[in-house]
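Here is a short briefing for a reader meeting this structure for the first time. Please look over the sequence and the model before reading on.

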Amino acid sequence: MLNNIGEIYYAEEDYEKGLPLFEEAFSLYEKVDDKGKMATTLVDIGKYHDHNEQFERANQVYGQALQLVQENDANAFFPYIYHGIALHYQSKDDHQQAIIYGEKALIEMKDQQNDAYQIPNYELLHESYAARGNYQRAYEIRDDQMEFLDSTNNIALKTKVEALQTQFAVEQKESENKLL
């Protein structure tokens, strides 16, 4: 809950109100020893330090997050951590490091079939490759992103069609039952 409110303040650029909420959330997760939630909250805290151009502090926080996940076999959190670190490096215009962590995030997302951050991660990679002048790879990333979007849209469309078919079958059965 605190993380969600902190995210809202971050989105509204009210950084003074958001950071304390993430710090409080971290303390609560620490008390219950939830390493994965601690790590993701550290990434959120790191975003605030990035925004305030406290890059050294952000580096430390991201390092802590990565260490927590690695030491505690919390693999499900790698995509979020790597994506957060990639954003950190991109905010510093260190596109080479942004690419390294963005690619790691993408690999983890695909391995875990985690679609949550794939679109923003593709965008990050596209921008970073283009900033480094690797337009061929930037194009390939954009192409992969479009393929991912198409497959996601196809799944959504298939689900809608199946729901309509089911609804039609139910209505047809109800009509037949009324005739009997």
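The points below go from the whole chain to single residues.

This is a predicted model, in which local features need pLDDT of at least 70, side-chain atom pairs count only at pLDDT 80 or more, and totals for chains, interfaces and linings use all residues. Residues are numbered from 1 along each chain as its sequence is written, and side-chain values use heavy atoms, with hydrogens and water left out.

**Overall make-up**
- The chain has eight helices and zero strands. Helices (H or I, at least four residues) and strands (E, at least two) are DSSP runs, numbered from the N terminus.
- Of its 180 residues, 38% count as buried. Buried means under 20% relative accessible area, with a 1.4 Å probe and protein chains only.
- Among contacts with a separation of 6 or more, 48% join residues 24 or more positions apart. A contact means heavy atoms within 4.5 Å.

**The nonpolar core**
- The largest nonpolar core holds 42 residues. Such a core is a set of buried Ala, Val, Leu, Ile, Met, Phe, Trp, Tyr and Cys residues joined through side-chain atoms within 4.5 Å.
- Leu 42, Ile 45, Leu 66, Ile 81, Ile 85 and Tyr 101 touch the most other members.
- Helices H2, H3, H4, H5, H6, H7 and H8 each supply at least two residues of this core.
- Leu 42 is in contact with Phe 26, Val 61, Gln 64, Ala 65 and Leu 68, leaving aside neighbours within four places in sequence.

**Helices H5 and H6**
- H5 and H6 pack at an angle of about 165°, with axes 8 Å apart. Axes are lines fitted to C-alpha atoms, for helices over the stretch in contact, and angles run from 0 to 180 degrees between N-to-C directions.
- That angle makes H5 roughly antiparallel to H6, a term for angles over 145 degrees.
- Residues in this contact include Tyr 82, Ile 85 and Tyr 89 of H5, and Tyr 101, Ala 105 and Met 109 of H6.

**His 83**
- His 83 lies in helix H5.
- His 83 counts as buried because its relative accessibility is 6%.
- Leaving out residues up to four places away in sequence, His 83 touches Ala 105, Met 109, Tyr 117, Pro 120, Asn 121 and Leu 124.

**Ala 74**
- Ala 74 sits in the loop between H4 and H5.
- At 13% relative accessibility, Ala 74 counts as buried.
- Ala 74 and Gly 36 are 38 residues apart in sequence, yet 6.0 Å apart in space, C-alpha to C-alpha.

Conventions: Buried means under 20% relative accessible area, exposed over 50%, partly exposed in between (1.4 Å probe, protein chains only). Angles under 35 degrees count as roughly parallel, over 145 as roughly antiparallel, 65 to 115 as roughly perpendicular and the rest as oblique.
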